[in-house]
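Visitor: I have a few quick questions about this one. Can you walk me through it?

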Amino acid sequence: MNETRELYWNIHAEWLIYPLFVLALAIFGYGIYRRYNLWRLGQPAERNYQKPIRVKAVLKLVLTHKKILREKQPGLMHFLIFWGMAGLTVGTGVVALQADFGLDIMHGSFYLYFMS
């Protein structure tokens, strides 16, 4: 099988991706910095107990959206947007592996089953 796709098809200025990414990262970093300053206003709390259990609980809540899905319509919309963005992130990562790191993985069975 030789099925594949052309990377950056019909995008003429792909070099813009990187400066725009740096700009988005800077804006994101500024938001985290502001939030960090807000968190520093609070009082310290002892949260170092049962780390594996707490990490497992957080992962379960994040992946299943159990609390968010209590409200049906907004919960479902959040669930779909979250998993849609997760899928796009994985797809973008795979394209980056091929385009930027030279790993030739976007062809054949992998492309047909996971990327098409």
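Predicted model: local features only at pLDDT ≥ 70, side-chain atom pairs only at ≥ 80, totals over all residues.

Visitor: How do the lining residues divide into nonpolar, polar and charged?
Guide: There are 8 nonpolar, 1 polar and 2 charged residues.

Visitor: New topic. Where does His65 lie?
Guide: In the loop between helix 2 (51-64) and helix 3.

Visitor: Buried or exposed?
Guide: His65 counts as buried because its relative accessible area is 1%, and the cut-off for buried is under 20%.

Visitor: What is His65 in contact with, leaving aside neighbours within four places in sequence?
Guide: Lys60, His78, Phe79, Phe82 and Trp83.

Visitor: On to rings. How many aromatic pairs does a search of the whole structure find?
Guide: The search finds 1. Phe82 and Trp83 form that pair, with 5.0 Å centre to centre and 90° between the planes. That makes the pair edge-to-face. Both residues are also on the contact list of His65.

Visitor: And what are the relative accessibilities of Phe82 and Trp83?
Guide: Phe82 is at 28% and counts as partly exposed. Trp83, at 35%, is partly exposed too.

Visitor: Last one. What sits over the ring of Tyr49?
Guide: The charged end of Arg54, 5.3 Å from the ring centre.

How values were computed:
Residues numbered from 1 in each chain as written. Heavy atoms only, no water. Nonpolar A, V, L, I, M, F, W, Y, C, P; charged D, E, K, R; others polar. Helix = DSSP H or I, 4+ residues; strand = E, 2+ residues; numbered from the N terminus. Buried < 20%, exposed > 50% of the residue type's maximum accessible area, 1.4 Å probe, protein only. Contact = heavy atoms within 4.5 Å. Phe/Tyr/Trp six-rings, centres within 6.5 Å; stacked < 30°, edge-to-face > 60°. Lys NZ or Arg CZ within 6 Å of the ring centre and 35° of its normal.
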